[in-house]
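Student: I would like to learn how to read a structure such as this one, feature by feature. Could we look at it together?

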Amino acid sequence: MTILTTQISFLFLLLLYVTTFHKITCTNHTVVRCNEKDRETLLTFKQDINDSLGGISTWSTEKDCCAWEGVYCDSITNKVTKLDMQFK
């Protein structure tokens with residue numbers, strides 16, 4: 001029974017690790033969140049609109065798209081779930 005409990009505990013911790021820390025890369029220690037296709041789509045969208053107020057000036061290839069102003073992402077799927085274009 002002790003071995004089974006230990007194995008279950010190990011599997012639980014492994015599952016927790018994979019679902020929590022799988023986004024960390026070893027090369028530059030940054031969190032990788034943005035879905036590549038979503039990022040490309042948002043950058044195309046940015047090219048096609050007039051942003052005279054600079055609300056989407058944070059949208060650049062230098063930054064994770066989930067950290068862009070007004071962009072919200074699902075923490076598990078890394079997909080963009082919401083755009084808030086009411087910049088303050």
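Tutor: Let us begin with two terms: a polar contact is a pair of N or O atoms within 3.5 Å, where within protein one must be able to donate a hydrogen and the other to accept it, and residues adjacent in sequence count only if both atoms are side-chain atoms. Helices (H or I, at least four residues) and strands (E, at least two) are DSSP runs, numbered from the N terminus. This is a predicted model, in which local features need pLDDT of at least 70 and side-chain atom pairs pLDDT 80 or more, while totals for chains, interfaces and linings use all residues. Residues are numbered from 1 along each chain as its sequence is written, and side-chain values use heavy atoms, leaving out hydrogens and water.

Student: Which residue caps the N-terminal end of helix 2?

Tutor: That residue is Asn35, with a side-chain oxygen 3.0 Å from the backbone nitrogen of Lys37.

Student: Which residues of helix 2 are buried?

Tutor: An α-helix has 3.6 residues a turn, so residues three or four places apart point the same way. Buried means under 20% relative accessible area, exposed over 50%, and partly exposed in between (1.4 Å probe, protein chains only). In helix 2 (residues 36-47), the buried residues are Asp38, Arg39, Leu42 and Leu43. They cover an arc of only 135° around the axis, taken from the directions from the helix axis to the C-beta atoms, which puts them on the same side of helix 2. The face turned away from that buried side carries the exposed residues Lys37 and Gln47.

Note on methods. The expected span of a helix is 1.5 Å times one less than its number of residues.
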